[in-house]
Each structure stands twice: as structure tokens, then as C-alpha cells.
Amino acid sequence: MAKFLAMDVMLLSDWRLIVVVVAAAIVSSLLSLNVAARPAAIKTGQLATALTVAQLLFLLTRFANLFYTPLMAKFVDEAEKSHSLEKLYGQIQWVIAGTAFGGVVSWMLLATAVNWLCCGVKCFHHRGTMPAALARLLRPHAWGVVARAVRSPSNLGVKLFRLEGVSPGFLVINVVATGIWTVGLLAALYVSGMNPKFAITAGLLSGLVTGVAAIIFSVWVDPKAALITDLVERGELPEKQVRITAVHLVMGNLVGSLLGFFLLTSAIKVIEFAAHRM
């Protein structure tokens, strides 16, 4: 906690770190906004199409990751040469802060993202192919549609922590999994700086942390959210439960990102221990 409070603002004088922090925020917000596909699916009545359109957000995050990961590796190289692990730790903290800011942005854009995805579903249904739907965005008329779909930040008409029948268990698990996911690669980079001779091993062992988070998402979080959406679509649950789930997943991603500050040290120790044992 002390290290968190002592974050060095002067590190942001390096434009490369600012780029990484902004990219981390974009990746975090786009990943979090994937949950908007479920309310959009219920509004449009086209579940599979809405989820397909939402995959564009995931695709964009892959490009962003490829853009800023090499810069993070450069920070590790500089830390090795200058023996300045404290600076590297501070840089990693700012990346986590960027991820948390992305969580705030995703909450602010949630209502807008639902509307945009609804527009995307209708356009895709009308055009028949994704390239044709994307080409439609190049026309000025489409820009007006996109602008009119913007909404002020809201919780989609639901109140926080009033779950109304939605199981709280998988929402709590989502927070923990997001925290673990946030620190996986960053912890591996720090261990690479600590022990250059184990750099490749530490990089590969980042999967030890992120893999745990991926399993948690795949086994507990995503299936439960999908089940709620299916039950609502069949009329077995009230439509509001999809919106309750979406809002709490987005807020959970924000809280989970902040949790990354407290999990970072533990993740570093796990990867360092595994690297040495290997």
C-alpha cells in the first residue's frame, strides 16, 4: 500500500510511458465494453449477431497490445542496464493505473456502447457482411447515427449492489480474476528485470498467472453471464437481470483493475519462485 501511495508522477515525463498508459486504458475499456453485447442482444433480439459484432472490440485490443508491449520491454532493458528496479516498478504501477482508468471509461461509455452495438447489429443484418457494414461507417450519414447514439454515463436504469436475483458469487469472482489478469504480464516483466538470466522463462511463466485468470473467466464468469442472457431471451428471467449483470461486470472490472495494485507483489513472487524452480 505504501508503494501505491508513493507513485512517482515524474515518471510521466517520459512520453513512452504515457503512450503505454493510454494504450493500457484503451485495451482495458474495450475488453470491459464487450459486456455491452448482452444488453444489445436482448434489445435487438439477435444474440449471436450482437456477440459477433462485439468481437470487433476484442480484435482492436489485440492490435493495441502489440503496439505497447515492445515499449514495456524497452523499460525492462533500461532497468537492467541502470539497475533501477524501483523505477520499473513505478512504471508498472502507472500501467495498472491506466488499466483502472480504462475501467472508468468503460463505465462512462456503457450506455453508449449498448446503443452503438444495436446500430452495428442492425447495419450488419441489413448489409449481410462485416466489411460492408464497416464500409457504411465511412459515409457522413453514419457519423450522424453514431453521434445520436451517444448517451450520458448511466447504470442502464439499475442500482449498484441491488442484484434482484442475480447471483453475487460470479460477480465477486470476476473482480478477483480481473485483478489477476491485470498483473500477469506486468509481474513477468518485472521478474525479467530482476533476473535477466531468467527473462525468457519469466516471460513464458506469465501464463502461470494469466492462465489462472483465463480459466476463472471461462469456467465461472462467462458461462454464468451467458446463461442469464439465454434465460432472459427465453422469457424465464426479467430483462433487467441482463442490465444488472452488465453493469456489475463493468464495475467489477474497474475494482479488479485497482485490485491489481495489491496483487502485483504476490504475482511477482509467484513468477520469481516458479522461474527459480524451473
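Start with Phe 217. Its relative accessible area is 18%. Buried means under 20%, so Phe 217 counts as buried. Keep in mind that this is a predicted model.

Now, how many aromatic pairs does the structure hold? Two.

Take Tyr 89 and Tyr 190. Their ring centres sit 5.6 Å apart, and the planes are at 85 degrees. That pair is edge-to-face. It links distant parts of the chain. Tyr 89 belongs to helix α5, residues 85–127. Tyr 190 belongs to helix α8. They are 101 residues apart. Buried or exposed? Tyr 89 has a relative accessible area of 8%, so it is buried. Tyr 190 is buried too, at 11%.

Next pair: Trp 181 and Phe 217. The centres of these rings are 6.4 Å apart. Their planes meet at 70 degrees, so this pair is edge-to-face. It also joins distant parts of the chain. Trp 181 is partly exposed, with a relative accessible area of 39%. Phe 217, again, is buried.

Last stop: Asn 195. Where is it found? In the loop between α8, residues 169–194, and α9, residues 199–233. Asn 195 is buried, with a relative accessible area of 15%. Which residues does Asn 195 touch, leaving out those up to four places away in sequence? Glu 272 and His 276.

That's my tour. Over to you.

Technical notes:
Residues numbered from 1 in each chain as written. Predicted model: local features only at pLDDT ≥ 70, side-chain atom pairs only at ≥ 80, totals over all residues. Heavy atoms only, no water. Helix = DSSP H or I, 4+ residues; strand = E, 2+ residues; numbered from the N terminus. Buried < 20%, exposed > 50% of the residue type's maximum accessible area, 1.4 Å probe, protein only. Contact = heavy atoms within 4.5 Å. Phe/Tyr/Trp six-rings, centres within 6.5 Å; stacked < 30°, edge-to-face > 60°.
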